[in-house]
Amino acid sequence: MKVCIVGASGKLGRYMVQHALERGYEVVGVCRARSVGELDALKERMTIIPGATNDREVIKNAVAGCDGVLTVLVPWGVNHYASGTAQAVLDHARPGARLVFSCGWHITRDGLDVYSLRVKALVTIAGSLARLFRVVDLNDQVEACRRVFASDTRWTVVRGSDLQEGESHCLPVWSRHVGDPILNSNMTHRVDFALFMVAALENDDLVREAPAIVGCRTPSAVEHTGTLRSG
């Protein structure tokens, strides 16, 4: 399998590169030119294409011939970076390719997610401040996912809980809606978030799903093993 990883130089992206290489995939990575150095340890084992991930020509070249595309939807700035990235991938990935996107729990597909006061406050207050200072635009990430959900591609949108570093605990468990008891622990190791993304490439059960994930060894996951689902 040939896989493109859009946002390969970030923490999540580097883990995805490692997981993909371990599976024997041919990997093409896209990252901003100033971040290419973050991939020095892996550059002999992959193809690196520098450029903004919302640059349509960069994405067109990167996804050519790829069987799957893993995209980190980062809402940098206030110039539609996330939605521009998503649209470029949707437009230029080959027909039938598996498209897997990452985002946070704040994204909802059907409006049935139930959020804690903490999550609501974080999105409302921190999101507003980040946009005010032109750092991050969460609304643009919402728009990016809206475009993915509306597309007729073979997409999956993986919605991550809070993340921390740590050794792998294997595939996270998931549910369709934030607020489901199995997700209560709200914590996943970043390396396992990346593992779920890569595993989704070959999991047809996740096509056109928006799984909200949590670490498989967290208390809520262990407590609800009777309804446990893994990627």
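**Figure 1. Oblique packing of helices α2 and α3 in the predicted model.** In this predicted model, helix α2 and helix α3 lie oblique to each other. Helix α2 covers residues 56-63 and helix α3 covers residues 81-92; the angle between them is about 45°, and their axes are 9 Å apart. The crossing of α2 past α3 is right-handed. On the α2 side, the contact involves Arg-56, Ile-59, Lys-60 and Val-63, and these meet Gln-87, Ala-88, Val-89, Asp-91 and His-92 of α3. By class, the residues of this contact comprise four nonpolar, two polar and three charged.

**Figure 2. Packing of helices α3 and α5.** Helix α5 is formed by residues 138-150, and its axis comes within 7 Å of the axis of α3, with a crossing of roughly 20°. Angles under 35 degrees count as roughly parallel, and α3 and α5 are therefore roughly parallel to each other. Here, too, a right-handed crossing is found, with α3 passing α5. Helix α3 contributes Tyr-81, Ala-82, Ser-83, Ala-86, Gln-87 and Leu-90 to the contact, while α5 contributes Asp-140, Gln-141, Glu-143, Ala-144, Arg-147 and Val-148. Six nonpolar, three polar and three charged residues make up the contact of α3 with α5. Gln-87 of α3 takes part in this contact and also in the contact with α2.

**Figure 3. Pro-181 in the loop between β8 and β9.** Pro-181 is located in the loop that runs between strand β8 (173-175) and strand β9 (188-189). With a relative accessibility of 42%, Pro-181 counts as partly exposed, because this class lies between the limits of 20% for buried and 50% for exposed residues. Leaving aside residues up to four places away in sequence, Pro-181 touches Ser-220 and His-224. The C-alpha atom of Pro-181 is separated by 8.4 Å from that of Ala-221, a residue 40 places away along the chain.

**Figure 4. Asn-186 and its positive phi.** Asn-186 also has its place in the loop between β8 and β9. Asn-186 is not a glycine, yet its phi is positive, at about 55°. Most residues other than glycine have a negative phi. The relative accessibility of Asn-186 is 13%, so this residue counts as buried.

Figure 5. The relative accessible area of Arg-208 is 37%, so Arg-208 is partly exposed.

**Figure 6. The protein chain as the setting of the close-up views.** The protein chain contains seven helices and 10 strands. Of its 231 residues, 52% are buried. The accessible surface of the chain amounts to about 10,700 Å², and carbon and sulfur atoms account for 52% of that surface. Among contacts between residues at least 6 apart in sequence, 76% join residues that are at least 24 apart.

Terms used
Residues numbered from 1 in each chain as written. Predicted model: local features only at pLDDT ≥ 70, side-chain atom pairs only at ≥ 80, totals over all residues. Heavy atoms only, no water. Axes fitted to C-alpha atoms, helices over the stretch in contact; angles between N-to-C directions. Helix = DSSP H or I, 4+ residues; strand = E, 2+ residues; numbered from the N terminus. Parallel < 35°, antiparallel > 145°, perpendicular 65-115°, else oblique. Left-handed = near helix turned anticlockwise from the far one by under 90°. Contact = heavy atoms within 4.5 Å. Nonpolar A, V, L, I, M, F, W, Y, C, P; charged D, E, K, R; others polar. Buried < 20%, exposed > 50% of the residue type's maximum accessible area, 1.4 Å probe, protein only. Areas by Shrake-Rupley, 256 points an atom, 1.4 Å probe, with all protein chains shown as cover.
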